[in-house]
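Here are my notes for your review. Please read them with the coordinates open.

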Amino acid sequence: TGAGISVAAGIPDFRSTDGLFALLKGKSCASGKDLFDFNKVYSSDEMSVAFNSMITKLHRLSKEANPTGFHELLEKISMEGKLQRLYTQNIDGLDTRLTNLGTNVPLQKPAPMTIQLHGSINHMVCNKCGNVVDLDPGIFKCDLIGEGEATVVPSCQQCEEFESVRSIAGLRLKGVGKLRPRVVLYNEIHPEGDIIGEITGLDLKKKPDCLIIAGTSLQIPGVKSICKQFAQKVRSSKGIVLYLNKEMPSRSIIESIGCIDLI
């Protein structure tokens, strides 16, 4: 699934004419896509503040939103024992609120029902110690002019506590890490890429007989590759591949997946 399945909940998608990439275009970035690029988000305080602002707004929207009818459909399929796995590109977490679409963070085996391919705005992580905690939007500075305790890239409290203990014990200090939203951006190594690959491999061996691709334009190469692999496996099981979206997928996408039965 992609961002399209959450639009009815009031959360914008990415690539449509009124999606995030278009809405976020402004003084700090030529394209809203820049705010999802690891190399650009932390290139300057101005970009980092714009990123913080976008993340905190998405966090608020997701907290105020309710799962859509499509989320409820996935929940029903899972409750009936017919859903093998939900692979989602969405970072809003609407799906994982539902009882039968849970996940675990960080991702670990045995695999949960929902695999969050791009992380979640509900969590933040330290770039040094790797500690994962619930996202606190209040600690991220969203305005370069404003005063207050919020900072552009907040320090990790756990690292600070460890440093304090080391200092008292007379041990060598190791430094304090920085907290960032636990979402996977363009141009960064996927922190859970290996385990997602393992889970995908296990799921392919289970010979699924139906693949539903919904609410995504499949512009992310890794996600497109996963869909292609599952489509081929479903076809070998004489199953059905469905593509659900408000816009027609490009000819190149259709050809790359190779075997879509109904669009």
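This is a predicted model: local features need pLDDT of at least 70, side-chain atom pairs count only at pLDDT 80 or more; totals for chains, interfaces and linings use all residues.

The points below cover a sheet, a helix across it, and some ring contacts.

1. Sheet layout. Three strands make an open sheet in the order E4-E3-E5. The pairing is antiparallel. Strand E4 (132-134) and strand E5 (179-183) are the edges, each pairing on one side only. On average, neighbouring strands are turned by 45° against each other, direction ignored.

2. The E3 to E5 pairing. Strand E3 covers residues 119-126. It is joined to E5 by 4 bridges, and the two run antiparallel.

3. Helix H3 (residues 45-64) lies across E3 and E5. The helix runs at about 130° to E3.

4. Aromatic pairs. The whole structure holds 3 of them. One is Phe38 with Tyr42, edge-to-face, at 5.9 Å centre to centre and 65° between the planes. Another is Tyr42 with Phe51, also edge-to-face. Here the centres are 6.0 Å apart and the planes 65°.

5. Phe38, Tyr42 and Phe51 form one aromatic cluster. Phe38 is partly exposed at 31% relative accessible area. Tyr42 counts as partly exposed too, at 29%, because that value falls between the 20% and 50% cut-offs.

6. Charge over a ring. What sits over the ring of Tyr186? The charged end of Lys33 does, 5.0 Å from the ring centre.

Definitions and conventions
Residues are numbered from 1 along each chain as its sequence is written. Side-chain values use heavy atoms; hydrogens and water are left out. Two strands pair if DSSP finds at least two bridges between them. Axes are lines fitted to C-alpha atoms, for helices over the stretch in contact, and angles run from 0 to 180 degrees between N-to-C directions. Contact means heavy atoms within 4.5 Å. Rings of Phe, Tyr and Trp (its six-membered ring) pair if their centres lie within 6.5 Å; planes under 30 degrees apart count as stacked, over 60 as edge-to-face and the rest as tilted. Buried means under 20% relative accessible area, exposed over 50%, partly exposed in between (1.4 Å probe, protein chains only). A charge sits over a ring if NZ of Lys or CZ of Arg is within 6 Å of the ring centre and within 35 degrees of the ring normal.
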